[in-house]
Amino acid sequence: MKEVKRKAKVGEYIKLTKKDFDFDEIGDILKVDSVRNNVVSVLGKNHKRDTNHPNVEWNYETDEYVVLEDYKEKNMKFDKDNLKVGDKVLLKNKRGDDWNHDGKMDHYIGKIVTIKSLNQGGFTIKEDDGENFPFEFWSFNYEDIERIANDFKRDDLQFADIITLRNGERYVVAVGSMYGENGYYNRDCDTIWDWYNLDLTQNEGEREEDIVKVERSGKVVYERIEEVREMKMEEINKALGFKVKVVE
């Protein structure tokens, strides 16, 4: 991929080098929908920031961006080399080419599942329902994967996504802000990009306000995978600064 300073063509990707609108961020990558004279336009429905004005054209001049030549949009291709057992992955929102033709696997469409085993041709999942009798497990192809679930970033959020915080509060995403299902919530009407890091953690270290789940059109597209650390009792005692006794 190369960054080139020139006028973009329809269908090419640009990276912003200046902020033209308040919701823009330097470094945003956008796909050009139309070109007129020295101005390129991005429709609101395709703009990663403006999701509340689907038919509005947001215009950028040539001194406000660089063209990304040979750019491949994120997640257009899935790299199976990044996978490991235990990863949670989001399956594509369609039936896989080699799935059961009677629809017995269709309840996995668009779901987040956990990798149980990997082989050259595909993978199995821990959530397997055992319906592939007399065979032991259903087999999935790597092409069935949309993304590794924990690869979901703040900038992947879309209009009408429902986000859940670690403290259980739920919000709807709209125009870059979050609106609580109860208006008294602490983050009601806050701007997501002001309060959250790319990895969806709260940027002032308020762990209870980390985003742990994202739902879209009734399906979970992201769930935070919490690290589980195994420790010996003496390590726990050292970390706490005092001895503990385990009781039933």
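**A friendly note on aromatic pairs and a pocket**

1. Let's start with the rings: the count comes to nine aromatic pairs in this structure. Please keep in mind that this is a predicted model. A pair of aromatic rings is described by the distance of the centres and the angle of the planes.

2. Look up Tyr108 and Phe140, which make an edge-to-face aromatic pair, with 5.6 Å from centre to centre and 80 degrees between the planes. This pair links distant parts of the chain, its residues being 32 apart. Tyr108 sits in the loop between β8 (88-91) and β9 (112-118), while Phe140 belongs to the loop between β10 (123-125) and β11 (145-148). Both Tyr108 and Phe140 are buried.

3. Next come Phe123 and Tyr142, an aromatic pair that is tilted: the centres are 5.9 Å apart and the planes make 35 degrees. Here too distant parts of the chain are linked, with Phe123 in strand β10 and Tyr142 in the loop between β10 and β11, 19 residues apart. Why does Phe123 count as buried? Because its relative accessibility is 0%. Tyr142 counts as buried because its relative accessibility is 11%, and buried means under 20%.

4. Finally, turn to the second largest pocket, with a volume of about 150 Å³. Its lining has 11 residues, and those nearest the centre are Asp22, Phe23, Glu25, Thr191 and Trp193. How does the lining of this pocket divide into nonpolar, polar and charged residues? There are three nonpolar, two polar and six charged residues.

Note on methods
Residues numbered from 1 in each chain as written. Predicted model: local features only at pLDDT ≥ 70, side-chain atom pairs only at ≥ 80, totals over all residues. Heavy atoms only, no water. 1 Å grid on protein atoms, 1.4 Å probe; cavity = no way out; pocket = protein on both sides within 12 Å on 5 of 7 lines; lining within 4 Å. Points joined across faces, edges and corners; volume = space filled by probe spheres on them. Nonpolar A, V, L, I, M, F, W, Y, C, P; charged D, E, K, R; others polar. Phe/Tyr/Trp six-rings, centres within 6.5 Å; stacked < 30°, edge-to-face > 60°. Helix = DSSP H or I, 4+ residues; strand = E, 2+ residues; numbered from the N terminus. Buried < 20%, exposed > 50% of the residue type's maximum accessible area, 1.4 Å probe, protein only.
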